[in-house]
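Have the sequence and the model open beside you as you read.

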Amino acid sequence: MKLLLVCNPGGHFSTMMGLKSFWSTYEREWVTYRHYDTQKLSEKERVYWVAMQEARMLVKASINFFKALVILRQSKPDLVLSTGASIAVPFIVASKLYGIKTVFIESISRSGNLSLTGRIVYNLVDEFYVQWPECVERYPKAQYKGVVV
């Protein structure tokens with residue numbers, strides 16, 4: 001199985017690194033943007049660098065959507081796994097167009113409500129995980145399997 005790991009730098013990248021015991025056993029490629037914590041990824045991993053995109057940056061989200069179409073066509077992953085944040089949206093939408101399975105893991109900082117990205121992708125992804133059991137009551141599609149550390 002081939003994975004495409006999609007995450008913003010910072011806490012989202014840290015969460016993805018917390019899942020290393022899972023993704024390290026599979027062929028994989030990354031999508032993120034250049035930042036001090038993601039810069040060294042390209043020394044050992046295949047990385048697609050995309051435009052920095054934060055919430056509500058619709059022009060950059062549109063640019064990243066078209067990049068996502070190209071990257072997904074080249075990479076041909078079996079699964080797109082994202083820990084957020086906003087960069088997840090164009091890749092999950094594009095993945096659905098190609099029929100690629102998607103998994104989203106919500107930030108641990110979201111104990112009561114989903115993030116904007118979480119709310120956007122909630123009904124699009126195949127599997128949606130939260131890190132607080134209380135979220136499952138409010139969002140029935142969400143699954144709680146514990147905290148990513």
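**Entry 1: a lysine with a partner**

I began with a polar contact (a pair of N or O atoms within 3.5 Å; within protein, one must be able to donate a hydrogen and the other to accept it, and residues adjacent in sequence count only if both atoms are side-chain atoms). A polar atom of the Lys-2 side chain lies 2.6 Å from the backbone oxygen of Ser-75. Before going on, I noted that this is a predicted model, in which local features need pLDDT of at least 70 and side-chain atom pairs count only at pLDDT 80 or more, while totals for chains, interfaces and linings use all residues. I also noted that residues are numbered from 1 along each chain as its sequence is written, and that side-chain values use heavy atoms, with hydrogens and water left out.

Is Lys-2 buried or exposed? I use buried for under 20% relative accessible area, exposed for over 50%, and partly exposed in between (1.4 Å probe, protein chains only). Lys-2 has 12% relative accessibility, so it counts as buried. I found Lys-2 in strand E1; here helices (H or I, at least four residues) and strands (E, at least two) are DSSP runs, numbered from the N terminus. For contacts I took heavy atoms within 4.5 Å. Beyond its neighbours within four places in sequence, Lys-2 is in contact with Glu-27, Glu-29, Ser-75, Lys-76, Pro-77, Asp-78 and Leu-79.

**Entry 2: the next residue along, Lys-76**

Lys-76 was on that contact list, and I looked it up next. Lys-76 sits in the loop between helix H4 (58-75) and E4. Its phi is near 55 degrees, a positive value in a residue other than glycine. Lys-76 is exposed, at 58% relative accessible area.

**Entry 3: the overall fold**

I then stepped back to the whole protein. I counted seven helices and seven strands, and along the sequence they follow the pattern β-α-α-β-α-β-α-β-α-β-α-β-α-β. The radius of gyration is 14 Å, close to the 15 Å that the globule rule gives for 149 residues, so the protein is as compact as a globular protein of that length. That radius is taken over C-alpha atoms, and the rule is 2.2 Å times the number of residues to the power 0.38. The C-alpha trace spans about 40 × 30 × 30 Å along its principal axes. Of the 149 residues, 48% count as buried. Among contacts with a separation of 6 or more, 52% come from residues 24 or more positions apart.

**Entry 4: the cores**

Which residues have the most contacts inside the largest nonpolar core? A nonpolar core here is a set of buried Ala, Val, Leu, Ile, Met, Phe, Trp, Tyr and Cys residues joined through side-chain atoms within 4.5 Å. The largest has 16 residues, and those with the most contacts inside it are Leu-5, Met-16, Leu-19, Trp-23, Trp-30, Leu-81 and Ile-105. Strand E1 (2-7), helix H1 (11-18), strand E4 (79-84) and strand E5 (101-105) are the elements that give it two or more residues. E1 supplies the largest share, three residues. Apart from this core lies another, of 14 residues, among them Val-6, Ala-68, Val-80 and Phe-91.

I also followed Trp-23: leaving aside neighbours within four places in sequence, it is in contact with Leu-3, Leu-5, Met-16, Met-17, Arg-28, Trp-30 and Glu-45.

**Entry 5**

Val-80 stands opposite Thr-102 in E5. Four of the five residues of E5 are buried, so this strand is largely enclosed by the rest of the structure.

I also noted that the peptide bond from Gly-84 to Ala-85 is cis, with omega near -5 degrees. Ala-85 is in the loop between E4 and helix H5 (88-98).

**Entry 6: two last residues**

Thr-38 is in the loop between strand E2 (27-32) and helix H3 (41-44), and at 0% relative accessibility it counts as buried. Thr-38 touches Pro-9, Phe-13, Thr-32, Tyr-33 and Trp-49, not counting residues up to four places away in sequence.

Val-147 lies in the segment after strand E7 (142-144) and is partly exposed, at 40% relative accessible area. Val-147 and Gly-18 are 129 residues apart in sequence, yet 9.5 Å apart in space, C-alpha to C-alpha.

Technical notes
Pairing = 2+ DSSP bridges.
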